[in-house]
Amino acid sequence: MGFVGFLRLDKKDNTSLSFQKKRIYAYASLFEMDVIDIITETESGSKSLDERSGLSKLKRLVEVGECDTIIVNKIDRLGRSLLNGLLFLRYCEDHNTRVISIGENIDTKNSQSKLLINILWSIAEHERDMIKNRLESGKQKRWEDGYKSYGKASFGYKKNHKGELVVDVEESIIIQYIYKRYLSLSKMNHLTKTKRTQKLLKSLKQKGYKFRGKDFNWWNIKDIISNSFYVGLMKLKGAETKHNYETIVSKRLYNLVNCV
């Protein structure tokens, strides 16, 4: 076991790897520490921990107990944000691995650092809540303006090369068929709702119609005939508004099908 230095190139502040390395070695020399390895992370901070070679290697060393101390320039070097860095710091503490952050003057072996870590936790959680609130406000505003701001596109829609939501012509033909066929079957009073759905599924299979590459199931039918997005409406947290996208089903047909 020994001391491991961890470096990460961050595009946000341009702190070079060579500068970080010199700082770590200078700190180690000052306190007579032997650095057995320097692990470098240059991959995107948006990737998960398992996808990032430097951090995943460091995590494995901590997990198997092959390093007893990690030296970094700043806590946020251990993740894509201060909060992620603190979560990794907690992981290290759970595995009895000491973490030294030069920038914040933190040493988890030092009890006085606990207060600073708790303050950083509060700051990080406040920052996370602020970001979450901004995202929620942006989502709400976009929804109020008539644009989809959450979830994946409904069957019948797709994103074009500009990232805009547009009608998928082939899928829209299937949706229109489902509505018309369902309405036609609903006029056969001797059929139960289950029988209608079974006949509709059989018809779809005979025509070779697929739901995202697979045969339709009854729940796909249920979702499609109850989806008001096809007639120009969308919902968010129980509220409903008109959207600005092209519709697939007429309101009359939609109402007839859903009144059955």
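His-243 sits in the loop that runs between β9 (239-242) and α8 (251-258), where helices (H or I, at least four residues) and strands (E, at least two) are DSSP runs numbered from the N terminus. The model is predicted, so local features need pLDDT of at least 70 and side-chain atom pairs count only at pLDDT 80 or more, whereas totals for chains, interfaces and linings use all residues. Residues are numbered from 1 along each chain as its sequence is written, and side-chain values use heavy atoms, with hydrogens and water left out.

His-243 is buried, at a relative accessible area of 8%; buried means under 20%, exposed over 50% and partly exposed in between, with a 1.4 Å probe and protein chains only. Not counting residues up to four places away in sequence, His-243 touches Gly-146, Phe-229, Gly-232, Leu-233 and Met-234, contact being heavy atoms within 4.5 Å.

A nonpolar core is a set of buried Ala, Val, Leu, Ile, Met, Phe, Trp, Tyr and Cys residues joined through side-chain atoms within 4.5 Å. The largest has 32 residues, and Phe-216 and Tyr-230 are among those with the most contacts inside it. To this core α5 (169-186) gives the most, with 8 residues. A second, separate core includes Val-62 and Phe-88.

| Core | Residues | Among its members |
|---|---|---|
| Largest | 32 residues | Ile-178, Val-249 |

Across the chain of 260 residues, buried residues make up 42%, and the fold comprises 8 helices and 9 strands.
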